[in-house]
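Here is a friendly briefing to keep beside you while you turn the model on your screen.

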Amino acid sequence: MKINVLKPVLVSNQERAKENRKFFDRYNSLVLNIIGAPGSGKTSVIENIVKKLKSSYRILVIEGDIKGSLDSEKLMKTGIDTIQINTITECHLDAFMISQALPKINKPYDLIMVENVGNLVCPAEFDIGEDFKVAILSTPEGDDKPVKYPLLFHRARVVIINKTDLLPYVDFKIKNARKNILAKNPRTMIFEVSARNGKGFDKLINFLKKELAKKK
Amino acid sequence: MHEYSITKSIVELCHQEARKHKIGQVKLIRIRLGRFTGFSPAAINFYFDYLKRGTRCENARIEFFEIPIRIKCPACNFTGEIVEPVFICPECGKPDIEIISGREFYVESIEGE
């Protein structure tokens, strides 16, 4: 006997993501799904954003790590709220893991940044209920990464090129990186920053402020 | 590595469908997989052999059918297949194209008795 099923494998994740989105919409929170390789500077970029926005906006960071809570401890020092999710075996956050963390959110936030597990492959597949994906690409990784990891760079609305302070020492050409990113998605917004010295964050912060305003 | 949870979803989905249609033993699962997804059939098969135990899929195997990446260019109306996910129209070179297929990932059918 043959049964036609015709059901998407990710259907349950998509349904849960939709519910998460409803939850985030209650307080009109702007939710970013931040994805990048281990060591690309996700936490440091978040730290810089927090420093510039925390006086005017209520911010929450949800930290996804396979193990430990080093990043959320680091971010707690900036005075904002954090929630730690340990994925144990999984290499990405999915909508289920986020939905389990939602009951811990008991006050309204303007901005929720979700730091995904350090990985350029798997997190790109899973919608967690975010407004958009932010990819972080650091200069020592090479300007060819958008070619090698097309899905993430196709789906990310924003790409942050981090560690621009290292440009004199690495084989990374901003021009090539931009070309490779835009070949995957011509509408991508690209920002160049150095989380180490704070350069380039003003443009990114202005963009985020506009996105936050759209939510209200 | 993310194929573990995905394979679990496949097993659960097929097990439930089999129960609904009173299939005791699933023999074959047909999956359609777009080329523009990050899932590996080899990794799915690897986890499947472990995760299918004790379910109605215990004696099943999976057949994968690839779906090519097809695009449409709103500027020149070109419609066709591309091999690499580079989103530039091969006809007119405009970068703003629509993806028609290649992102699919679904269980097409199950067979069994």
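Two strands count as paired if DSSP finds at least two bridges between them. With that in hand, chain B has an open sheet of three strands in the order 4-3-5, paired antiparallel. Please keep in mind that this is a predicted model. Chain A has its own open sheet, built from seven strands with parallel pairing.

**Chain A: overall build**

- Eight helices and eight strands make up the secondary structure of chain A.
- The C-alpha trace of chain A spans about 60 × 45 × 35 Å along its principal axes.
- Chain A has a radius of gyration of 17 Å, which agrees with the value near 17 Å that a compact globule of 216 residues would have.

**Chain A: the seven-stranded sheet**

- Reading across the sheet, the strands of chain A come in the order 4-3-5-2-6-7-8.
- Strand 4 (81–86) and strand 8 (189–192) of chain A are the edge strands, and each pairs on one side only.
- From one strand to the next, the twist averages 20°.
- For a closer look at one pairing, find strand 6 (residues 132–138) and strand 7 (residues 156–162) of chain A, which run parallel and are joined by six bridges.
- Within that pairing, Lys133(A) has Ala156(A) in strand 7 of chain A as its bridge partner.

**Chain A: helix 2 against helix 8**

- Helix 2 (residues 42–53) and helix 8 (residues 201–215) of chain A pack with their axes 11 Å apart, at an angle of about 65°.
- Angles of 65 to 115 degrees count as roughly perpendicular, and that is why helix 2 of chain A is described as roughly perpendicular to helix 8 of chain A.
- The crossing of helix 2 and helix 8 of chain A is right-handed.
- On the helix 2 side of chain A, the residues that meet helix 8 are Asn48(A), Ile49(A), Lys52(A) and Leu53(A).
- Facing them from helix 8 of chain A are Phe201(A), Ile205(A) and Leu208(A).
- Sorted by class, the contact of helix 2 with helix 8 of chain A has five nonpolar residues, one polar and one charged.

**Where chain A meets chain B**

- Across the interface, 27 residues of chain A are in contact with 28 residues of chain B.
- Strand 1 (2–8), helix 6 (150–155) and helix 7 (174–184) of chain A each supply at least two residues to the side that touches chain B.
- Strand 1 of chain A gives the largest share of that side, with seven residues.
- By class, the side of chain A that touches chain B has 16 nonpolar, five polar and six charged residues.

**Chain B: overall build**

- Chain B has two helices and six strands, following the pattern α-β-α-β-β-β-β-β along the sequence.
- The radius of gyration of chain B is 18 Å, well over the 13 Å that the globule rule gives for 113 residues, so chain B is more spread out than a compact globule.
- Taken along the principal axes, the C-alpha atoms of chain B fill a box of roughly 55 × 30 × 15 Å.

- Three bridges pair strand 3 (residues 69–72) with strand 5 of chain B in the antiparallel sense.
- Lys72(B) stands opposite Glu98(B) in strand 5 of chain B.

**Chain B: helix 1 against helix 2**

- The axes of helix 1 (residues 3–20) and helix 2 (residues 41–51) of chain B come within 9 Å and cross at roughly 55°.
- Helix 1 and helix 2 of chain B are therefore oblique to each other, and their crossing is right-handed.
- Helix 1 of chain B contributes residues including Tyr4(B), Ile6(B) and Val11(B) to the contact, while helix 2 of chain B contributes residues including Ile44(B), Tyr47(B) and Phe48(B).
- The residues of this contact in chain B divide into eight nonpolar, one polar and two charged.

Note on methods:
Residues are numbered from 1 along each chain as its sequence is written. Chains are lettered from A and ligands numbered from 1 in the order in which they are written. This is a predicted model: local features need pLDDT of at least 70, side-chain atom pairs count only at pLDDT 80 or more; totals for chains, interfaces and linings use all residues. Helices (H or I, at least four residues) and strands (E, at least two) are DSSP runs, numbered from the N terminus. Axes are lines fitted to C-alpha atoms, for helices over the stretch in contact, and angles run from 0 to 180 degrees between N-to-C directions. Two residues are in contact if their C-beta atoms, placed from the backbone, lie within 7 Å. Ala, Val, Leu, Ile, Met, Phe, Trp, Tyr, Cys and Pro count as nonpolar, Asp, Glu, Lys and Arg as charged, and the others, Gly among them, as polar. Angles under 35 degrees count as roughly parallel, over 145 as roughly antiparallel, 65 to 115 as roughly perpendicular and the rest as oblique. A crossing is left-handed if the near helix is turned anticlockwise from the far one by less than a right angle, and right-handed if clockwise. The radius of gyration is taken over C-alpha atoms; the globule rule is 2.2 Å times the number of residues to the power 0.38.
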